[in-house]
Amino acid sequence: WIQGFWGERMGMPRGHEGVGSADGAHAEAAEAGAHRSVSTGTLAACPDALLAKILSHASVHGRLLSRVVSRAWRASADEPATWEHVHITEYTCSDLGLFVSGLTSLAERSLGSTTTLRIPVIPAHRVEALLAHCGSVSHLSIDVPDGEGGAHHSDYVIAAVSKASPPHLRHLKHALPPSLLDSDERYHRSSLRALAKSCPNLRSLDFSLPAPCDVAVHR
């Protein structure tokens, strides 16, 4: 799933990841072979906690790739500290279903200790399933990428968050479309009531909208 999830990000269209990439992968492996004993050997001397901290500053793609460098790197890449903060600001492939499946697989394996999670908007029922694996998240941001319509970024996503009931959630950011903002309260009361009830530690909400609908709600 990693290859399909990140294939397009690496410049390879889906369905062709294995056609021309196998030779390239072998060539890269051969080229890296001469340096592997130096690079991995040097970092192998680092304490596991330090290596995990270093990897935590890499992109999600980089953290996934680090798992195939060596056994020591794989162990550090699977450390909870490596995934404390996860920021995915856009879809990594054009197939939304593949993206969501890859994201869910990542959550099942690595995001149990994640405290800061930022993802692009996905269907509401998949938000609930995703958060079921992210029990430590305290800061959640669900972005609406440029060009996205109103199919998924609705208060159904807010309802999904409330159903998942992340016990440590303190800050939530998610843009609501203008059609869901009434002139009095600017949000749907029922969704917010459910959210407040299921997430008692919630301290702030940000429903900011991009221009020209520059609206922000903070409570």
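Ser66 touches Leu55, Trp73, Arg74 and Ala77, leaving aside residues up to four places away in sequence (a contact means heavy atoms within 4.5 Å). Ser66 sits in helix α4, residues 60–66, and counts as buried because its relative accessibility is 4% (buried means under 20% relative accessible area, exposed over 50% and partly exposed in between, with a 1.4 Å probe and protein chains only). Helices (H or I, at least four residues) and strands (E, at least two) are DSSP runs numbered from the N terminus.

A quick word on the model: it is predicted, so local features need pLDDT of at least 70 and side-chain atom pairs count only at pLDDT 80 or more, while totals for chains, interfaces and linings use all residues. Residues are numbered from 1 along each chain as its sequence is written, and side-chain values use heavy atoms, with hydrogens and water left out.

**Strand β2 and its neighbours**

- Four of the five residues of strand β2 (residues 116–120) are buried, so the rest of the structure largely encloses this strand.
- On one pairing, β2 runs parallel to strand β1 (residues 85–87), with three bridges joining them (two strands pair if DSSP finds at least two bridges between them).
- Within that pairing, His87 has Arg118 of β2 as its bridge partner.
- β2 also runs parallel to strand β3 (residues 139–143), and here five bridges do the joining.
- In this second pairing, Pro120 stands opposite Asp143 of β3.
- As background on strands, side chains in a regular strand alternate between the two faces of the sheet.

**Crossovers**

- β1, helix α6 (residues 96–110) and β2 together make a right-handed β-α-β unit (right-handed means that, with the strands pointing away from the viewer, the path from the first strand over the helix to the second runs clockwise).
- From β2 the chain then crosses through helix α7 (residues 124–131) to β3, and this β-α-β crossover is right-handed too.

**Salt bridges**

- The count comes to two salt bridges (each is a side-chain nitrogen of Lys or Arg within 4 Å of a carboxyl oxygen of Asp or Glu).
- One of them brings together the side chains of Arg67 and Asp78, at 2.8 Å from N to O.
- That pair links distant parts of the chain, eleven residues apart: Arg67 is in the loop between α4 and α5 (71–77), and Asp78 is in the loop between α5 and β1.
- Arg67 counts as buried at 10% relative accessibility, whereas Asp78 is partly exposed at 36%.
- Arg118 forms a salt bridge with Asp143, and their closest N and O atoms are 2.5 Å apart.
- This pair also ties distant parts of the chain together, with Arg118 in strand β2 and Asp143 in strand β3, 25 residues apart.
- Arg118 is partly exposed, with a relative accessible area of 31%, while Asp143 is buried at 14%.

**Helix α8 and Ser165**

- The buried residues of α8 are Asp155, Val157, Ile158, Ala160, Val161 and Ser162.
- Ser165 has a phi near 50 degrees, a positive value in a residue other than glycine.
- For context, most residues other than glycine have a negative phi.
- Ser165 is partly exposed, with a relative accessible area of 27%.
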